[in-house]
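Try each task before you read the solution.

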Amino acid sequence: MKQVTYVIVFIIRPAGDSQEFLLARRAEGKYMGGTWQLISGKLESNETVWQAALREMREETGLEAVELYRLSQTTTFYRSDDDSLNTGIEFCAIVPDDASVSLDSENTDCEWMPREQVRARLMWASDQVSFDEVCRVVLDNGPTKAYQRIPLPYGG
């Protein structure tokens, strides 16, 4: 059995007095093709986990974070199709309110969803738990927000 480390990124932009979350539809032929998911991807050998989160975000959406936070949740699951144990490390990235998405071939569509509608659309229980943390800690300025923030190398 192989072990795979990957990143999961909640991408959020300000929207008036609230926020919008980005969900993307995975391309057919990809793992879980046709489903709406958060942005995710595998860690490469030459990068840190937080760098992988920024890279996957940039590659799949063309977006750049102005703030990045690590979440306390990780998700682990087994995939029988390739006999792998997958560990997903979760992040939250804030982008500007005028952020425009440019999808790559891994996704066929995307949607900015109001904060109030996101939790019900998340497919996995672990993503719902992480969504609650994003809201409580990052968006609602919880007590650990400053400790979960990752300084960006380009000043974001």
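Before we start, one definition: two strands count as paired if DSSP finds at least two bridges between them. Keep in mind too that this is a predicted model.

**Exercise 1. Work out how β6 is paired with β1 and with β5, and which residue in β6 is the bridge partner of R79.**

Step 1: Take β1 (2-15) and β6 (84-94). They run parallel, with 11 bridges between them.

Step 2: Find R79, which is part of strand β5. Its bridge partner in β6 is S84.

Step 3: Check how covered β6 is. Eight of its 11 residues are buried, so the strand is mostly covered, by the cut-off of under 20% relative accessible area.

**Exercise 2. Decide whether R79 is buried or exposed, and list what R79 touches.**

Step 1: The relative accessibility of R79 is 14%, so R79 counts as buried.

Step 2: Leave out residues up to four places away in sequence, and R79 touches Y31, S84 and N86.

Step 3: Look for a polar partner as well. The side chains of R79 and D81 make a polar contact of 2.6 Å.

**Exercise 3. Find the residues with a positive phi at D83 and N141, and say where each one sits.**

Step 1: Recall the background: most residues other than glycine have a negative phi.

Step 2: D83 has a phi near 50 degrees, a positive value in a non-glycine residue. D83 belongs to the loop between β5 and β6, and that hairpin has four residues between its strands. With 35% relative accessibility, D83 is partly exposed.

Step 3: N141 is not a glycine either, and its phi is positive at about 55 degrees. The loop between α3 and α4 (145-148) holds N141. N141 is exposed, at a relative accessible area of 53%.

**Exercise 4. Which residues of the largest nonpolar core touch the most other members, and which element gives the most to this core?**

Step 1: The largest nonpolar core has 21 residues, and F10, F21, C92, V134 and L139 touch the most other members.

Step 2: Trace these back to elements. With six residues, α3 gives the most.

Step 3: Zoom in on F10. Skipping residues up to four places away in sequence, its contacts include F21, L38, L71, C92, L122, F131 and V134. E90, D127 and S130 are also among them.

Step 4: A second, separate core has 20 residues, including M57, L63, W112 and I150.

**Exercise 5. Describe the largest pocket: what is its volume, and which residues lie nearest its centre?**

Step 1: The volume comes to about 550 Å³.

Step 2: The lining has 21 residues, and Y6, R26, Y31, S40 and F77 lie nearest the centre. One of these, Y31, is also touched by R79.

Step 3: Assign the lining to elements. β1, β4 (39-42), α1 (49-61), β5 and α3 each give two or more residues.

Terms used
Residues are numbered from 1 along each chain as its sequence is written. This is a predicted model: local features need pLDDT of at least 70, side-chain atom pairs count only at pLDDT 80 or more; totals for chains, interfaces and linings use all residues. Side-chain values use heavy atoms; hydrogens and water are left out. A nonpolar core is a set of buried Ala, Val, Leu, Ile, Met, Phe, Trp, Tyr and Cys residues joined through side-chain atoms within 4.5 Å. Buried means under 20% relative accessible area, exposed over 50%, partly exposed in between (1.4 Å probe, protein chains only). Contact means heavy atoms within 4.5 Å. A polar contact is a pair of N or O atoms within 3.5 Å; within protein, one must be able to donate a hydrogen and the other to accept it, and residues adjacent in sequence count only if both atoms are side-chain atoms. On a 1 Å grid over the protein atoms alone, a cavity is a set of points where a 1.4 Å probe fits but cannot get out, and a pocket is an open set with protein on both sides within 12 Å along at least five of seven lines; lining residues have an atom within 4 Å of a point. Grid points are joined across faces, edges and corners, and a volume is the space filled by probe spheres set on the points.
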